[in-house]
There are 2 protein chains.
Amino acid sequence: MADLEEYTKEVALRARDASRELATATGNQKIDWLRRSAALIRSRTAELQRANAQDIEKAPEYDLSPAAIDRLRLTDDRLEAIAAALEEIVMLPDPIGEIIDSSVRPNGLFVTRVRVPLGVVFFIYESRPNVTVDAAALCVKSGNAVILRGGKEAFHSNRALHALLSEALVDAGLPAHAVQLVETTDREAVGHFLKLNDYIDVTIPRGGKSLIERVAAEATMPVIKHFDGVCHVYVDGGADAKMAREITVNSKCQRTGVCNTAESLLVDAAIADSFLPEVAAALEEQGVELRCCERSRAILPNSKPATEEDFRTEYLDLILSIAVVDDIEAAIAHINEYGSHHTDAIVTNDLAASQRFTAAVDSAAVHVNVSTRFNDGGEYGLGAEIGISTDKFHARGPCGLRELTSYKYIVHGSGQIRG
Amino acid sequence: MADLEEYTKEVALRARDASRELATATGNQKIDWLRRSAALIRSRTAELQRANAQDIEKAPEYDLSPAAIDRLRLTDDRLEAIAAALEEIVMLPDPIGEIIDSSVRPNGLFVTRVRVPLGVVFFIYESRPNVTVDAAALCVKSGNAVILRGGKEAFHSNRALHALLSEALVDAGLPAHAVQLVETTDREAVGHFLKLNDYIDVTIPRGGKSLIERVAAEATMPVIKHFDGVCHVYVDGGADAKMAREITVNSKCQRTGVCNTAESLLVDAAIADSFLPEVAAALEEQGVELRCCERSRAILPNSKPATEEDFRTEYLDLILSIAVVDDIEAAIAHINEYGSHHTDAIVTNDLAASQRFTAAVDSAAVHVNVSTRFNDGGEYGLGAEIGISTDKFHARGPCGLRELTSYKYIVHGSGQIRG
């Protein structure tokens, strides 16, 4: 790339221009593009798999694990799933143009807040080719132009998928630059994009914590992000023990490598003696290593001791930190202090406890008698998600189409002037 | 101030702690505080006016104009207006706890989005003591702690008002640090606060463009802001000439020093020959200097020529730039290119033109047959505003109580685990 700075500016400028056209595109044009894209992915599998083979071949150079290489592979089934996901996005209601709220003022002004696209999204993501298509679909459906920066390990697959998305854009009469793929794997390109707040309205980074921290520190535009998920299950004195055990095991074990997995279990001192041995047996049956505070270790003497650091750690593994707390207030204080404001659950049948917990825990998602694993755009009914936010500004929790929008005030009158 | 960095961190930490208490305060506590504050302002006018006299005395040192000194003065009437404004905020519905939307998922999960405070607001503002009270009231009513950094010219007045607000906080059983005033006029303090994104959730700067640019560049947390208001009136070929003339004059002249005042008039070529002389006469009667493009100057030969820069300028004065445009598309392109995405109005009786203009103009507020001067929290029915945003992220247009809030997902179940 001759001049990276100039290249990134050109890409961003083209995205901005495309976004202005996209903002007034009809729902039908966007649906047409989604359907054409799905059809192209289905009819051009050989071409996509040839490109994918190049990534698979290079994968050992990137020290990818066999499991990671497998995830990279675009099998027939996976390509079909990618196409089918596009058709699901077809079915989601178009968010643009919705009147969010309105009022008629005493002087006759009709004041409306109308949903509009954010503009240009810069999306940085892990080496998963399906995300290339998903993210493009969510951005365009919500009227945004997108600049895609995928992981280098999926570069050839992404380029082949992007070529089809671009072809479909032109066929659907939409701006060709509505979806752009960054044509270099140079890490410096990201830094240049992050300076272009005149053209890019939001950056969404996904991947490791260090990447997200770098993006958050360097970005000159808003960022939708979460660093990590130190999620808790708090088992209250008023809990049903069987439900508490099942939710704890599910929150920890159903899938360990994801952000909404529980990393820490808090148990009300009132029931710790009876509940801890029972839940420990169920967890150990799943192969979970338990790291316990002093009080819980007194009940589970064979467990490892937890350090202060354990309670701030996202293990993403079959490890769980455990603490006994005096009461619900101590649980709330612990979660607000040690957690990452992602997803925290209480198990209780005590109404007042559930009310206090949901009001006082300062997290994107607070669950009552529900596994933490349900914090997800699909499970919450958003249809699909482009990421998840633990910030409070603009979007919190799973981010779907609505979170990729803004609004404008449109005010109609009949010649009103201000006196 | 011995150590500015330490001081700012202490203030921010106290605000964070206060915000956690405030988040679950009842509406009645907040109302009690607002009423007590109003009562104290009414009963302690002598004390407030003594402090105010110190500012008035020092004002010449700050090179304040006689008009600015007058605006600083806390007369009896103005103190009464400040107290009355608090009582108006009492009447606004409490935004916290509202279920914004909800759904029951097929598996029985009850998913709700519930409105919560943002947390801690850092508010930087001009030398207007009434704003100290207004801003504190809006922040606390929406459950946020606030750090107030007012203009140095109003320092003593702000300190006296803040003392009463603090007294009322304690009396109402709310955390005393819910409202803090920065106890130094050192400009470096602002820089330190802008680094504290671990404690401060949003910064709202008001004042001159250079201050806002500095804050936007330095802030590590989200910022609600607008740099300037280069607002347009576009008079379409389908406009009623009398309405167009009145809206143009009102948008330019009703108050010149504010951000929602029109700075530029665009006229459809189809009606320029007849409309321009008529509107020019009305504007010149109000003392407005006209700066015209070549085409409008051909119709108004006595006007001054406009430079390219004129069309990007917020005059905040009795000056108006004028351009003749080929059609509505040229008007839209001009506004999106030269404007500041603040407030732009079309005057027309053509339905299709109004639809195209409102869809394609990318501004916080788009008015149809309404003076630009109506873009205001009060006029839009928000009750009161803490600022105005031309960004698209989180809040756009006037920002009232709702824009000082976020949400969390609260999900109720009956033991659901993920399969």
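**Figure 1. Confidence of the predicted model.** The structure shown is a prediction. In chain A the mean pLDDT is 96, and 100% of the residues score at least 70. For the complex, the predictor reports an ipTM of 0.95 and a pTM of 0.95.

**Figure 2. The two domains of chain A.** Domain 1 of chain A covers 4-225 + 396-411, and domain 2 covers 231-379, according to the domain assignment. Between the C-alpha centres of domain 1 and domain 2 of chain A the distance is 35 Å. Contact between the domains involves 4 residues of domain 1 and 5 residues of domain 2 of chain A. On the domain 1 side of this contact, 1 residue is nonpolar, 2 are polar and 1 is charged.

**Figure 3. The rotation axis relating chain B to chain A.** Chain B is superposed on chain A by a rotation of 180° with 0.0 Å of shift along the axis, at an RMSD of 0.0 Å. The two copies are therefore related as by a two-fold rotation axis. His394(B) is the residue of chain B that comes closest to the rotation axis, with its C-alpha at 1.9 Å. Both copies use the same surface, since 100% of the contact residues of chain B recur in chain A.

**Figure 4. The contact between chain B and chain A.** In this contact, 52 residues of chain B meet 52 residues of chain A. On the chain B side, the elements that contribute two or more residues are α10 (241-253), α14 (351-360), β13 (365-370), α15 (377-380) and β16 (405-416). β16(B) supplies the largest share of that side, 11 residues. The chain B side comprises 22 nonpolar, 20 polar and 10 charged residues.

**Figure 5. Strand pairing across the two chains.** Strand β13 (residues 365-370) of chain A pairs with β16(B) in the parallel sense, over 5 bridges. One of the residues in this pairing is Val370(A), whose bridge partner in β16(B) is Gln416(B).

**Figure 6. The hairpin of β1(B) and β2(B).** Strand β1 (residues 99-104) of chain B pairs with strand β2 (residues 110-117) of chain B in the antiparallel sense, over 5 bridges. Within the pairing, Ser102(B) stands opposite Thr112(B) of β2(B). The hairpin has 5 residues between its strands, and Gly108(B) has a positive phi near 95°. Of the 6 residues of β1(B), the number buried is 0, so this strand lies largely in the open.

**Figure 7. Leu316(A), a residue with positive phi.** Leu316(A) is not a glycine, yet its phi is positive, near 50°. The residue sits in the loop between β10 (304-305) and β11 (319-325) of chain A. Leu316(A) counts as partly exposed because 15 other C-beta atoms lie within 10 Å, a count between the limits of 12 or fewer for exposed and 20 or more for buried.

**Figure 8. Asp63(B), a residue with positive phi.** Asp63(B) has a phi of about 60°, a positive value, although the residue is not a glycine. In chain B, the loop between α3 (45-58) and α4 (66-72) holds Asp63(B). Asp63(B) counts as exposed because it has 8 C-beta neighbours inside 10 Å.

Notes: Residues numbered from 1 in each chain as written. Chains lettered and ligands numbered in written order. Predicted model: local features only at pLDDT ≥ 70, side-chain atom pairs only at ≥ 80, totals over all residues. Domains from an automatic or database assignment. Contact = placed C-beta atoms within 7 Å. Nonpolar A, V, L, I, M, F, W, Y, C, P; charged D, E, K, R; others polar. Least-squares fit on C-alpha atoms with pLDDT ≥ 70 in both. Helix = DSSP H or I, 4+ residues; strand = E, 2+ residues; numbered from the N terminus. Pairing = 2+ DSSP bridges. pLDDT = per-residue confidence, 0-100.
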